[in-house]
Amino acid sequence: MASKSIINRGLKRTALSMALGMAFASTIALAQSAVGSIYGDAAQGAAVTIENVNTGITRQVTADSSGRFNFSQLPPGRYKVTANGVTREVSVSVGTGTNINLTAASTATLGSVQVVGTGVVNAIDVSSVESSTVITEEMVDRLPVGRNVSSVALLAPGTTRSDPFGGNAISFGGASAAENAYYINGFNVTNIRSGLAYNEVPFEGIAETQVKTGGYGAEFGRSLGGVTSVITKRGTNDWKFSLGITWAPDSLREDPYYANNISTDVDPDKYPQTRDWILKQANHTRDQFIWTAAAGGPIIKDRLFIYALYEKNDLE
């Protein structure tokens, strides 16, 4: 976080950011990298129906002659899948497929033993060759992790932080930190000039983060390292409100190592950014406060939703 912030003496207020999303549930159109799928087995010719638990969106397909079915291009979330009176609830994550068995045999019990679970982890997606990790908002809330996308991406295997001059960029599988791609809701937000920087949304507005470290397709071209794909929160059929404040006191920050070991006598015309970064690190004094307010819910139930997030970042 320190390398991204440009801090002046005294009080400095950063720009206010606001994320606003509206979508019709029945006609949601998302980029390929921002959706998931549900596939599996049911009785031959059975009508298979899915319903999004949060938004009420429904879709139906018919199982083929071998009992296979597939729902593609699904927004991430919780879904109820029903066929021939058998219902299962599954979670769809960004960029992954969820396998489910709806045949009659799957409902049988073993003697008097019945297994019931609420926090079931999805099985490995055997339909994809990608090496990817999906980190949800619930996981982040339980972990001591920095409040930025790079810190979350570092939870994936095969990742490591780049040098401080690369900002918050990270290295995937030993590749250069300038060889990655970053997406928000399926749209590429990578700095096309340096490859090191990227646009971000307020951290409280992130629902899921997917980190691809290998095996991904040509749709993620111009990336030789890894891919970080962020999915933002959306409105649902239930109105939800939140208020929050994050405080990062200066007294708990580590002293800047580089400011004490690099001379500040640098030609400002030849190395303007390097000199500016060193000087600001050497004179850093800051307490950081991040204020957030969010609201989301239905405008027309099962049809039209809204989600808005307001963030104010104070650096003192």
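**Figure 1. Bridge partner of Ala 47 in strand β5.** In this predicted model, Ala 47 has Thr 62 of β5 as its bridge partner. Strand β4 (residues 47–52) pairs with β5 in the antiparallel sense, over five bridges. Strands (E, at least two residues) and helices (H or I, at least four) are DSSP runs, numbered from the N terminus, and two strands pair if DSSP finds at least two bridges between them. Residues are numbered from 1 along each chain as its sequence is written, and side-chain values use heavy atoms, with hydrogens and water left out. Because the model is predicted, local features need pLDDT of at least 70 and side-chain atom pairs count only at pLDDT 80 or more, while totals for chains, interfaces and linings use all residues.

**Figure 2. Open sheet of four strands.** The strand order is β5-β4-β7-β8, and the pairing is antiparallel. At the edges lie β5 (58–62) and β8 (86–92), each of which pairs on one side only. From one strand to the next, the twist averages 20°; axes are lines fitted to C-alpha atoms, for helices over the stretch in contact, and angles run from 0 to 180 degrees between N-to-C directions.

**Figure 3. Salt bridge between Lys 212 and Glu 130.** The two side chains meet at 2.6 Å, N to O. Lys 212 belongs to strand β15 (residues 206–214) and Glu 130 to the loop between β9 (97–101) and β10 (131–136), so the pair ties together parts that are 82 residues apart in sequence. A salt bridge is a side-chain nitrogen of Lys or Arg within 4 Å of a carboxyl oxygen of Asp or Glu; by this rule there are five salt bridges. Lys 212 is buried, at 2% relative accessibility, whereas Glu 130 is partly exposed at 21%. Buried means under 20% relative accessible area, exposed over 50%, and partly exposed in between (1.4 Å probe, protein chains only).

**Figure 4. Salt bridge between Lys 233 and Glu 137.** The N to O distance for this pair of side chains is 2.8 Å. Lys 233 sits in the loop between β16 (227–232) and β17 (240–248) and Glu 137 in helix α1 (residues 137–141), so the contact ties together parts that are 96 residues apart in sequence. Lys 233 is partly exposed, at 21% relative accessibility, and Glu 137 is partly exposed with a relative accessible area of 26%.

**Figure 5. Salt bridge between Arg 147 and Glu 204.** These side chains meet at 2.1 Å, N to O. The pair links distant parts of the chain, 57 residues apart: Arg 147 is in the loop between α1 and α2 (149–153), and Glu 204 is in the loop between β14 (187–188) and β15. Arg 147 counts as partly exposed at 32% relative accessibility, as does Glu 204 at 28%.
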